[in-house]
Amino acid sequence: MLFTLAFASLVRHRARTALAVLGVAVSAAMLLDMVMLSSGMRESFRSLLLSQGFQLRIAPKGTLPFDTEATIRDADSLVALLRALPQVDRVSPVLGGQLHVPRASGAVTAAVLGLEPLVQGDYELVDGRHPMAPDELVANDAMLRAIGRRVGDTVTAAAGYDAQLRGLSGVRLLHVVGRVRFIYMAAEQRGSAIPLATLRAMQGPEASSRVSLAMVRLRPGANADAMRAVVERLVPRVTVVSTTDAIRQVDERLSYFRQLAVILGAVSLLVGFLLVTTLMTVSVNERIGEIAVMRAIGVRRERIVAQIVVEAGAIMLVAAPLGLALGLVTARYLNSILARFPGLPERIDFFLFQPASAWTALGLLVLSGILSGIYPSWRSASLGIAPTLRREAVG
Amino acid sequence: MTAPSMRDARPIVEVRDLARDYPMGDEIVPALRGVSFTVEQGEYAAIVGPSGCGKSTLLNLLGVIDRPTTGTVTIAGERVDALTDARATDFRLRRIGFVFQRFYLMQALTARENIELPLAEAGLRGVARRDRARTLLEYVGLSRREGHRPSQLSGGEQQRVAIARALANEPKLLLADEPTGELDARTGAEMIALFQRLNADGTTIVVVTHDEDLARAAKRVIHMRDGSIVSDERAARDRAP
Amino acid sequence: MAASPDAAGDTVVIGAIVRRRADPAEVARGEYRVRLHLSQLQSLLGYGDRVDRYAIATRAPAATADAIARINDAAFGFRAHRSADIAVETSTTFAVVSRFHRAIGVITVVASAIFLLCIMLLKVEERRRDVAALRLMGISARTVVRSVVLEAAAIAVLGSIAGVGVGALASAIVNVHYQGVYRTPLKFSIVTGDIVVLAVTLSLVLGIVAGWLAARRLVRTPPLALFGR
C-alpha cells in the first residue's frame, strides 16, 4: 500500500516528477563527472607509467624525464651498475633527439628515441618487427604519413644541422622495419625509434655514453621507494623518480583540475539535494490536508514519513542510472577537450570511470535525496489533525 | 455486515464534563463547556445545533483527533482523552470510523485502494485485504466502481467510498461530520438510508448535522447551543419501555 | 655554479633577485631561474658559439614580415617566427582550459535551466488555489500569466545581482588562492563587463521563460479543476 500510494502520487504529477528526475539526473551526471575528474588523471597516469612494468625512472639531476635536453653522462657504467643489482629485473636506457628527414621543400622533423629494442618500454609494435640491426628504424603513423613511407621502405635521416658546413649532420640511410604506437607521446606527435648505438653515432662524439633517461623494472617483491634511495646513494649525479613521485609531480601541475572537481562535485551534490528537498517540501505542503486525513483514519506518522521517503527514493533511483549514462557521455566530451593539452600522452584520460568512487558518489546523492523527505513529512504529520482539517480543503 | 453478538452493558461512549477552549489572539474562546452524556452500543444519535455551537468540536474529541482542555472521554471502555499520539492513532485505526463532510478521499488512489488504506495499516495483506475492500464496496453498492478514482465518482459515490473506508476495520463507533453537507437532496436521501441500514446491522453511529432529514432518521437527537447540550431526545418509537 | 653535479663550475656573485613575470609558460613549473652573462653560460655548458633562440626588434612593424622572410631564406637549422605566433602556440594549454571551462559553463547553464523550471513549476503550483479563485472572479489568464512572469523576472533580477556579487567574490578568492599556489602574479579569473551582461541576460531570460511556462500550465487548467473538483 505504501508503494501504491507513493507511486500514485508521483504519477499524478507527471510533469513535476519528470522534471525532478531530470534535474536530479543532471546533478548526478555532474557529480559523477567530477568524481571521475578528481582521480582520473592520476589513475590514468599511474596505469600508463606502470603499463610496461617500469617502476623507477632515472633522469639527469634536478630534472624530470624528458623535461629538458639535459642528458646523463657515463650512462653505460650506470646501466651496468643497475643491472648488477639483484632487485633489478630490467633496465631500459633511452636517448632522445630529433630526426630530420629532408624533403623537396624543407625537412620533416620528428622525435627519435635511441633504445635497446629487447628491453625497451616506450612503444608497442603494431606491424613489422623491432629495429634489431644498426640501420633499422620503427616509426608511428604520424611520422610515416609525414615522410611518405611504409614498412619496408628506406629513408635518409639526419640527427642535426651543422651550421658551419651548412648541411645536415649525422646522416644515415635507415630501413623502416616496423610501425609502432608510442606510449608516452602525444597524439599526432611524429615519433621514431632506432638502436641506441645508432643514434649516438648519428649525434656525434658528445653523445657517446649518454642517455636522457633510464627506466628500471624491479623484480617482484622489491620495494620501489627503498630501491630509489639505494640508486640515489650509489649514483648522486642523477635524480631517481618513482611512479609515486611522478604522479605527485603531475598532481601538483594539474591540481587545479582536482580542486575544480571537488568544488563542482560538492556544488552538484548540494544542488541535487536542494532540488529534491524543495520538491518534497512543496509536495508535502500541498498534501497537508491529505496527511491530516490519513492521520485521522489511523495511519501512523512513521508510515506517512515512509511514504514520502519512498517517493523521494523513487525519484532518486530512477534519476541515478539516467545520470550515470548522461555523466559518461559528457565525460567523453569533456575528455576530448582536455585531451588536446599540448604534449599530453595520447593515452591519458582526465575522466576515468572507477566503479567504487562512482557508486559511492551516486549513493551519496540518492541517500541525501531520500533523507531530504524526512523532515518536511515528519513536521506535516505532527500537525494537529482537527485544526489542519479545518484549514485545508481536500477532496 | 456483522451484528453485535452480545450487547455490552456499558455504554460505548462516556463523556464527562468535557470542555475545549481555543485561544484566539488574547482571548480564550470556550467551544465546549462541560458536556456530559453517554451513547449505548447500537445507538444512532444525531448532534444538531447552530453553527459554532461546538458540535464538530465534540465530534473531533470523540474521534480522538483533538484533545479536550478538561474532562474525560471513554470509548469502548478505554480512556481516550489523554492517549499518546501512537496509541491515539492506533485507536482511531481500529476502534473508530470517521466520515467527513468533504469525503477526504486520496485523489491518487482508486475507490478500492482508498478502502484498502486503513486495512493495510492494520496489517491485513494481499488477497484478504483486497477481498475485504471489495466486500465493503459491495455493501455500499459500488462494486462496479472499484477501479475509479475520486475524480471519476459523483459526490454521493465518493461519500459511499468514504463510509466503506470508515468501516474497514470494523470500528466500535462510526462518527460522521455533516455527511450529507456536500450532497444534493436525492443523494442525501440515499446516504440517510445507508446510515439507517448500517445502524440496523449493528453499527453505533453518532452524526453531526444541519440536515433535518438526517437528524429525523436518527433515534436520538442531542441539541447543542453555545458549547452545551440543551436537550437530549430519544425518538418516541425508540424510547425504552 | 656548475653545468653538472660533479663538475667544478664557476663562482658567481648574486647581482639581483628578480620578481617573476606574469608569464603563462612559468605557471605550474616548480623551477628556479637564474640569469648569467651569455658567454659565461656558454662556457659553463660547453655550448660554444650556440644559443637556443634570439629575439629581434624591428625598426617598424611593417618591416617585420620582410625581416622574417629574409632570415628564413638565409637560415639553416633555425626559423624565424612572429612573437605573437609563438604566444598563441605556447598558450595552447590555456586555450584548452578555456574551452573546458566553457563546456562546464554550458552544462551548468543547462542544468540550472532544468532546476529553475522544476522549482518554478512547484512554486507556481503551490498557489494553484489562489489562481483558481482569481480566475473564477473574472481575472483573465493573461493577467495571471503576466503577474507570474513579472514575479519571476523580479526574482531573476535580484538573483542576478546576488549572483554577480558571489561571482566577483569567488573570482577574487580564486585569484588569491592560485596566485599563491603557483607563485605567479597571473590573474586566473577576470570578471569583465560583457561576462556580467551575459550572465544577467541569461538568468533573466531563463527566469522569465521558466515563469512563463509554469504560469501557462496553470492557466490552461480549468479553475474548478485547480480547486480539485
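Okay, let's start with A:R217, which lies over the face of A:F54, 5.9 Å from the ring centre. For a charge to sit over a ring, NZ of Lys or CZ of Arg has to be within 6 Å of the ring centre and within 35 degrees of the ring normal. There's also A:R390, whose charged end sits over the ring of B:Y22, 5.3 Å from its centre.

Quick background: this is a predicted model, where local features need pLDDT of at least 70 and side-chain atom pairs count only at pLDDT 80 or more, while totals for chains, interfaces and linings use all residues. Residues are numbered from 1 along each chain as its sequence is written, chains are lettered from A and ligands numbered from 1 in the order in which they are written, and side-chain values use heavy atoms, leaving out hydrogens and water.

Now, rings with rings. Over all chains, the structure holds ten aromatic pairs (ring centres of Phe, Tyr or the six-membered ring of Trp within 6.5 Å; planes under 30 degrees apart are stacked, over 60 edge-to-face, the rest tilted). A:Y123 and A:F182 have their ring centres 6.0 Å apart and their planes at 75°, so that pair is edge-to-face. A:Y123 is buried at 2% relative accessibility, and A:F182 is buried too, at 4% (buried is under 20% relative accessible area, exposed over 50%, partly exposed in between, with a 1.4 Å probe and protein chains only).

Over in chain B, B:F98 and B:F100 are stacked, 4.7 Å centre to centre with 10° between the planes. And which residues do ring pairs link into a cluster? That's A:F257, A:F341, A:F350, A:F351 and C:F100.
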